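These are my notebook entries on one structure. I record what I looked up, entry by entry.

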Amino acid sequence: MLQQVVNGLTLGSSYALIALGYTMVYGVLRLINFAHGEIYMVGAFIGLMTSQTAGLPFAAAMVVAMAGAALVGVVVEKIAYRPLRKAPRLAVLISAIGMSIFLRNLALALMGPQTRAFPIPFEVKRLNLGRLRINSFDVLILLTSVGLMIALHFLVQKTKIGKAMRAAAEDKETASLMGISVNRVIAFTFAIGSALAAAAGVLIGMNFNAVDPSMGMMPGLKGFTAAVLGGVGSIPGAMLGGILLGMAEVMGIALLKSEWRDAIAFGILALVLLVKPSGILGRNLQEKV
Amino acid sequence: MKFMNYLFDSNKNHSDSKGKRFRIRSMRTVSIAVLLAAAMFLVGCSGSRSEGPSGEADGVDKVIKIGMVGPLTGDYATYGQSVRNGVQTAIDEINADGGVNGYTLQLIAEDSRGESTEAANAIQKLIDQDRVTAIVGAVLSGETATVAPIAQDSGVLMVTPSSTAPGLTDIGDYIFRNVITDDVQAQQMAEYAVSELGFNKLAVIYANNDYGVALKDNFTAKAQELGASIVGTESYLDGDEDFRAQLTKIGDEIEALYIAGYYTEAAKIAQQARRQGIEAIFLGADGFYSEKLVELGGDAVEGAAFTAGFYSGDEVEAVQAFVSSYKQKYSQEPDMFAANAYDTMKIVAQALAKAGNDRAALKDEMAAIKDFPGVTGTTSFDAKGEAVKDVLILKIENGTFVRAS
Amino acid sequence: MMISPYYYQLLVIASINVIMALSLNLVTGCAGQLSLGHAAFMGIGAYTAGILTSVYGLSFAVALIAGGAMAALFGLLVGLPTLRLKGDYLAIATLGFGEIIRVSILNMKVTGGPFGLRGISKQTNLTIAAIAAVLVYWTMTRLMNSRFGRALTAIREDEVAAVAMGIDVTRHKVLAFVISAAWAGIAGGLFAHWFRYLHPSSFAFSASVEILSMVVLGGMGSLEGPVIGAAVLTYAPELLRGVSDFVSQHRMMFYGALLVVMMLVRPQGLVGTGLNGLRVSKFRRSRGLEQSGIDMVRRRFASAMKRAQRKGSPSPCVVNEQLADLAVRSGAGSSGTGVAGGGGEEHAGS
């Protein structure tokens with residue numbers, strides 16, 4: 001049972017890693033970036049290419065993947081979202097869904113449907129505590145997501161650009177009146193969110209030794225669920241939501257039947273949306289007119 | 001009633017001018033719809049007319065058209081492309097040897113994208129527009145279940161080289177299958193594991209799709225019949241990445257884990273099982289047979305054993321000839337899809353040679369095939385149209401596939 | 001005159017798709033509520049009707065209606081709670097419910113689970129499918145021009161204003177959702193008795209997206225739009241077979257691009273009839289003097305900012321930190337949890 005808790009924690013931290021990027025973008029734009037899962041996939045592919053084809057070391061590959069994904073994120077924002085900033089919600093949503101389908105199938109066309117191996121470039125250590133087994137890469141993922149959460153929190157709360165982001169989130173009109181270039185703030189947010197997605201993609205791709213064009217879809221949805229669970233827009237919430245979702249899924253398998261795994265995840269999503277749409281740590285968002 | 005009035009009260013609450021405008025607009029709509037339907041209808045008629053009376057009389061050369069349906073794009077494209085390449089390899093060889101009764105074979109491959117509706121459209125096109133004489137396909141079991149009734153109704157021979165779900169050949173006498181079925185290979189593997197290797201404590205993890213469930217059911221039944229105990233049965237969905245919860249639930253006190261699914265997930269399951277401290281031997285079915293299993297699974301899949309209908313390392317001359325010509329064309333090793341498709345095409349060609357252009361006779365000749373020597377062993381068909389084939393057991397040794405029995 | 005079975009089948013599929021597109025259009029186009037689980041309702045109708053005829057031997061007509069009723073029931077169950085949600089949340093909630101329904105079908109015995117449901121008789125023909133499509137179209141024209149339809153339009157254009165006008169927003173949305181689900185269920189019954197085989201994967205998320213593409217291409221909220229969208233997207237992929245390998249191989253890529261491009265260039269669709277819901281409507285743009293006052297100030301600031309940037313301001317995003325401080329109004333600091341502000345982005349557009 002204790003092992004299942006560890007399983008839940010490791011699964012949860014990978015959801016949290018994806019959820020962080022979601023929450024960033026949603027916090028500023030109030031837009032579900034449906035393409036987030038695809039940017040996660042693009043990041044994993046760039047990481048794979050740079051580390052295997054170009055032979056760069058792990059850290060460098062990670063940086064290149066994050067930078068590349070950030071670029072893709074900014075381009076996606078510029079093409080598919082920015083022109084629609086003042087259009088009704090429905091138009092942006094449809095555009096976002098279209099972008100997600102486009103990116104996934106573009107990757108399919110360029111890379112082929114085959115799953116590619118993405119081995120961890122260093123020795124993975126296994127820790128045995130009695131019957132409990134923990135391995136070093138899972139710990140790395142957990143630490144990375146906690147570290148990124150703290151860094152993000154700092155970025156948003158303590159830096160000038162963070163202040164600009166909060167201002168834009170609050171009210172774009174007023175923010176621009178105050179001399180904030182809303183377009184740049186949003187582009188920056190997308191860059192950060194996409195870089196986070198790429199970090200998640202590389203780490204999770206390595207952990208499961210597999211990268212393929214469809215890999216972003218389910219994690220994208222689960223990451224979103226985690227973000228909603230924790231309270232969309234809240235950075236610690238994304239972390240909490242990710243862990244809780246991972247736990248719920250693992251416990252569902254451990255105590256119920258594994259056939260219902262995805263139903264459990266989406267059931268939780270539906271339940272949260274119905275009972276407390278603002279999530280556990282989110283604040284109630286009053287829609288203004 | 002009041003409620004219905006509320007829903008349909010357009011006339012009462014509308015001014016006259018608005019009502020008229022609406023009527024005009026709706027007229028326009030109806031005319032657009034009618035025009036569109038008419039356009040499609042006309043294209044349909046002209047399309048079938050321009051096609052000529054039948055495929056056989058097409059052109060100057062004497063050509064027999066062979067159709068193929070399967071996922072050439074999308075998530076399952078690997079399987080469909082392998083089938084297409086296998087059929088094409090066979091056709092190239094047959095044509096190089098002078099064709100069938102002086103006729104040249106021509107392959108028309110249509111994409112199904114792995115979706116049943118698309119597959120149905122594709123097969124209708126092959127039958128009605130291209131007038132194919134026989135069809136190799138479909139590839140996925142779901143597709144085959146959708147398109148087989150269409151082929152049966154049209155009286156066109158259809159042989160699937162890869163759909164393994166039980167009962168597909170029951171759809172009719174024009175439907176054949178040339179692949180070892182799930183029940184046969186799962187039972188063989190259970191026998192191998194229990195009787196030959198002497199395992200008593202087994203567990204099963206299966207993909208929650210037709211393939212995985214059929215394998216799981218048959219493996220479990222046979223293993224229990226032979227006296228072994230199945231200590232855990234867990235499922236997953238295609239595309240899942242994290243299997244640790246299921247593996248922890250199964251526990252590490254098992255001798256063998258039967259993974260009823262395809263190689264992508266099997267590789268991940270094997271790796272995660274090793275990390276969880278599960279030292280059991282992995283067993284599987286023909287879904288394991290891909291070099292990708294070793295590439296993705298690494299050391300974790302070493303020693304794994306699985307059932308298969310084809311072994312590219314076979315010393316037999318026919319197999320080596322096929323492997324080298326396939327490699328030359330497509331620069332990759334043929335997998336079981338390609339091998340079964342290749343044999344299927346050769347078998348269909350043999351039946352064609354005897355039956356001529358008579359489609360009913362073609363089906364009868366197909367049923368009469370006995371001990372056909374192919375790259376997937378010798379093949380005969382039973383009364384239902386199921387292939388009776390040898391099942392091989394392969395295992396992974398030092399990262400390569402070798403025969404286990 | 002005989003029509004080739006290939007085109008006959010295409011016309012049947014087109015008719016079924018027309019019903020699906022029209023029914024999604026009622027919720028998404030007319031009422032402005034994005035539903036991403038529409039194929040699941042089709043699946044419920046298809047399985048219900050298929051099981052009733054193949055297992056219980058009921059007549060086709062009864063099964064069709066039962067399929068529609070079952071889908072409507074689920075529409076009510078899903079719609080009641082979710083339609084209180086807005087925009088993105090609704091989209092995700094419907095997507096989630098769609099997946100739950102699909103997983104449930106996959107894990108049930110009576111549906112054949114992952115093996116699919118086999119042995120359904122072929123009872124659908126072009127006449128029945130076309131009559132059903134025309135019937136749905138006719139109902140739709142009547143609905144759109146009723147008080148109900150106008151109420152839906154009001155909800156789409158401005159929900160708060162609709163409430164102010166005394167419209168029971170949730171009730172209208174749920175009703176639209178239920179009607180839409182019923183139609184999808186009937187389309188499912190037709191689908192089941194045409195293809196004779198059902199598999200859960202036919203009703204997955206990608207199927208919902210395809211229906212959405214039809215509605216968007218033709219024109220959301222219009223009557224003829226979904227009809228044309230459904231016809232085009234049924235026929236075009238078949239036309240592309242053999243014409244261009246590249247396009248037909250990467251069809252899904254073009255679907256994705258289509259959604260984006262349509263939203264950017266022609267949100268009202270190919271034959272859009274001027275529904276304002278997707279544009280920044282004139283009505284909104286000219287609302288109130290206050291807005292134009294803000295506009296003027298904003299223009300001045302924009303030019304000031306450009307000047308500041310040319311001179312090289314310390315941060316590319318923030319010209320004046322004190323002003324930025326002002327922009328972070330009450331709340332963001334007090335909870336201290338993140339970027340979530342107190343305001344909706346709706347404000348910027350209105």
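Which side chain makes a polar contact with the side chain of C:Ser4? I found that the partner is the side chain of B:Gln129, at 3.3 Å. A polar contact is a pair of N or O atoms within 3.5 Å; within protein, one must be able to donate a hydrogen and the other to accept it, and residues adjacent in sequence count only if both atoms are side-chain atoms.

**Basis of the entries.** I note that this is a predicted model, in which local features need pLDDT of at least 70 and side-chain atom pairs count only at pLDDT 80 or more, while totals for chains, interfaces and linings use all residues. Residues are numbered from 1 along each chain as its sequence is written, chains are lettered from A and ligands numbered from 1 in the order in which they are written, and side-chain values use heavy atoms, with hydrogens and water left out.

**C:Ser4.** I located C:Ser4 in the segment before helix H1 (5-30) of chain C. Helices (H or I, at least four residues) and strands (E, at least two) are DSSP runs, numbered from the N terminus. C:Ser4 counts as buried because its relative accessibility is 7%. Buried means under 20% relative accessible area, exposed over 50%, and partly exposed in between (1.4 Å probe, protein chains only).

**Chain totals.** I recorded 13 helices and 15 strands for chain B. Chain C has 17 helices and zero strands. Of the 405 residues of chain B, 61% count as buried; for the 350 residues of chain C, the buried share is 61%. I then looked up contacts, meaning heavy atoms within 4.5 Å. In chain B, 67% of the contacts between residues at least 6 apart in sequence join residues at least 24 apart. In chain C, residues 24 or more positions apart account for 78% of the contacts with a separation of 6 or more.

**Chain B against chain A.** I found 30 residues of chain B in contact with 32 residues of chain A. The two chains bury about 2800 Å² between them, 43% of it on carbon and sulfur atoms. Buried area is the accessible area (1.4 Å probe) that two parts lose on being put together, summed over both. B:Glu241, B:Arg244 and B:Arg275 supply 24% of the area that chain B buries against chain A, more than any other three residues.

**B:Lys268.** I next looked up B:Lys268, in helix H9 (residues 263-275) of chain B. Its relative accessible area is 5%, so B:Lys268 is buried. The side chains of B:Lys268 and B:Glu241 are joined by a polar contact of 3.4 Å. Not counting residues up to four places away in sequence, B:Lys268 touches A:Phe208 and A:Ala210 as well as B:Asp240, B:Glu241 and B:Phe243.

**Helix pair in chain A.** How do the axes of H1(A) and H8(A) cross? I read a crossing of roughly 170° for H1 (residues 2-29) and H8 (residues 182-207), whose axes come within 9 Å. Axes are lines fitted to C-alpha atoms, for helices over the stretch in contact, and angles run from 0 to 180 degrees between N-to-C directions. H1(A) and H8(A) are therefore roughly antiparallel to each other. Angles under 35 degrees count as roughly parallel, over 145 as roughly antiparallel, 65 to 115 as roughly perpendicular and the rest as oblique. Residues making the contact include A:Leu17, A:Gly21 and A:Met24 of H1(A) and A:Phe190, A:Gly193 and A:Leu196 of H8(A). The contact has 14 nonpolar, four polar and no charged residues. Ala, Val, Leu, Ile, Met, Phe, Trp, Tyr, Cys and Pro count as nonpolar, Asp, Glu, Lys and Arg as charged, and the others, Gly among them, as polar.

**A:Phe137.** I found A:Phe137 in helix H5 (residues 136-158) of chain A. A:Phe137 counts as buried because its relative accessibility is 1%. Leaving aside neighbours within four places in sequence, the contacts of A:Phe137 include A:Phe122, A:Leu203 and A:Met206.

**Positive phi in chain B.** Most residues other than glycine have a negative phi. I noted that B:Asn101, not a glycine, has a positive phi of about 50°. B:Asn101 is found in the loop between helix H3 (77-96) and strand S2 (104-111), and is partly exposed at 47% relative accessible area.
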